[in-house]
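Subject: Structure handover

Hello,

Here is the structure I said I would pass on.

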Amino acid sequence: MLIPQEIVIQRLRESSIKVNGVLHLGAHNCEELGFYRRMGLDPTAVVWVDAIDEKVQENRARGIPNVYQGVITNKDDDTVTFHISNNVESSSVLEFGTHATQHPYVHWVDHRVLTTTTLDTFFARHRLQAQAYDFWNLDIQGAEMLALYGGTHALMHAKAIYLEVNSEEVYRGCAQIPQITAFLGSYGFKCVEIKMTEHGWGDALFVR
């Protein structure tokens, strides 16, 4: 997370938001578990989703609850090629855009054919109540807008969304900040904090 945890907690407090549960897309190593504990949440109140099965199994083996495998986009049961990078964390359903020149040491090492699901269907299939997860953290390498498009029903229950944003086409076809801001604005969210890198991507916090 680029935005300091203290700032995120402060912005939530200023908006009178008490987080009851977290939906986290792009689990990787569940690095944010300590942050969620700081927010007063039990680990069972967090749902983690990652496209890479090995990461899911590793996190489960560490005893982290509610870790699911899934490629979250705007389509159900679509077949896609998921690209896995040598640093793992840059893996995406999208191809590299400017990422290839900004981070030339990162490259694809594997390509897997996987099946997608929308967020709304993910909640339904796993019998999860969307209203229980009112803080969303989306870190899925350029596919954040696709996830939002496929989760408009669940989105009605979200109070705050922390997500990776782009000011250029870091991944091919990825949404950029104005598109994200306009879409979330139509659901009553406003951006209250943003921190960008020199590489055309960063993190933003939106609250309702």
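This is a predicted model: local features need pLDDT of at least 70, side-chain atom pairs count only at pLDDT 80 or more; totals for chains, interfaces and linings use all residues.

The largest pocket has a volume of about 730 Å³. Its lining is made up of 42 residues, and Glu 89, Ser 90, Asp 139, Gln 141 and Glu 164 are the ones nearest the centre. Elements that give two or more residues to this lining include β1 (22-25), β7 (135-138) and β10 (201-207), while β8 gives the most, with 3 residues. By class, the lining of the largest pocket has 22 nonpolar, 12 polar and 8 charged residues.

The second largest pocket has a volume of about 160 Å³. Among the residues that line it are Ile 9, Leu 12, Arg 13 and Met 39. Helix α1 (residues 5-14) gives the most to this lining, with 3 residues. The lining of the second largest pocket holds 5 nonpolar and 3 charged residues, and no polar ones.

Helix α3. Within α3 (residues 53-61), the residues Lys 55, Val 56 and Asn 59 are buried. Seen down the helix axis, the buried residues fall within an arc of 100°, so they line one face of α3. They pack against β2 (46-50) and β3 (67-69). Just after α3 comes Gly 63, with a positive phi of about 90°.

Cysteines. The structure has 0 disulfides. Cys 174 is in no disulfide, and the nearest cysteine sulfur, in Cys 191, is 17 Å away. Cys 174 is buried, at a relative accessible area of 7%. Cys 30 is buried too, at 2%.

Regards

Note on methods
Residues are numbered from 1 along each chain as its sequence is written. Side-chain values use heavy atoms; hydrogens and water are left out. Buried means under 20% relative accessible area, exposed over 50%, partly exposed in between (1.4 Å probe, protein chains only). Helices (H or I, at least four residues) and strands (E, at least two) are DSSP runs, numbered from the N terminus. The arc is that of the directions from the helix axis to the C-beta atoms. Contact means heavy atoms within 4.5 Å. A disulfide is a pair of cysteine sulfur atoms within 2.5 Å. On a 1 Å grid over the protein atoms alone, a cavity is a set of points where a 1.4 Å probe fits but cannot get out, and a pocket is an open set with protein on both sides within 12 Å along at least five of seven lines; lining residues have an atom within 4 Å of a point. Grid points are joined across faces, edges and corners, and a volume is the space filled by probe spheres set on the points. Ala, Val, Leu, Ile, Met, Phe, Trp, Tyr, Cys and Pro count as nonpolar, Asp, Glu, Lys and Arg as charged, and the others, Gly among them, as polar.
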